[in-house]
Amino acid sequence: SINNKIKDRLAGVPPLQNGPLAGKTVPIEAMMKKHWEHFGWNEKGVPTEKTIEQLKINDLLFAKEGTR
């Protein structure tokens with residue numbers, strides 16, 4: 001689950017009972033998925049092959065591994 005990257009309380013879980021944010025929560029999983037998709041990352045937050053190729057960072061990412 002993506003939500004394990006931040007504390008539930010920061011996402012409004014459980015929602016506050018009083019004040020201007022009463023009943024509000026942050027849909028963190030949906031937000032993170034959209035963020036990652038926008039930047040060309042997969043569902044785990046890792047750049048996709050296409051993104052790596054577009055940024056021309058293949059050599060930087062895989063220099064130590066000696067792969068590709």
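**Figure 1. The whole chain, seen through its contacts and surface.** Residues 24 or more positions apart supply 21% of the chain's contacts with a separation of 6 or more, where contact means heavy atoms within 4.5 Å. What you're looking at is a predicted model, so local features need pLDDT of at least 70 and side-chain atom pairs count only at pLDDT 80 or more, while totals for chains, interfaces and linings use all residues. Numbering starts from 1 along each chain as its sequence is written, and side-chain values use heavy atoms, with hydrogens and water left out. The chain has 3 helices and 0 strands, running α-α-α along the sequence; both kinds of element are DSSP runs numbered from the N terminus (helices: H or I, at least four residues; strands: E, at least two). Of its 68 residues, 15% count as buried (buried is under 20% relative accessible area, exposed over 50%, partly exposed in between, with a 1.4 Å probe and protein chains only).

Figure 2. Thr51 sits in α2, which spans residues 49-55. Its relative accessibility is 9%, so Thr51 counts as buried. The side chains of Thr51 and Thr48 are joined by a polar contact of 3.0 Å (a pair of N or O atoms within 3.5 Å; within protein, one must be able to donate a hydrogen and the other to accept it, and residues adjacent in sequence count only if both atoms are side-chain atoms). Skip the neighbours within four places in sequence, and Thr51 is in contact with Phe39 and Gly40.

**Figure 3. The aromatic pair.** Searching the whole structure turns up 1 aromatic pair. Phe39 and Trp41 have ring centres 5.9 Å apart and planes at 35 degrees, so the pair is tilted (rings of Phe, Tyr and Trp, the last by its six-membered ring, pair if their centres lie within 6.5 Å; planes under 30 degrees apart are stacked, over 60 edge-to-face, the rest tilted). Phe39 counts as partly exposed because its relative accessibility is 45%; Trp41, at 31%, also counts as partly exposed.

**Figure 4. Gly23, ahead of the helix α1.** Gly23 lies in the segment before α1 (28-38). With 54% relative accessibility, Gly23 counts as exposed. Gly23 and Gly12 are 11 residues apart in sequence, and their C-alpha atoms are 8.1 Å apart in space. Leaving out residues up to four places away in sequence, Gly23 touches Pro15 and Leu16.
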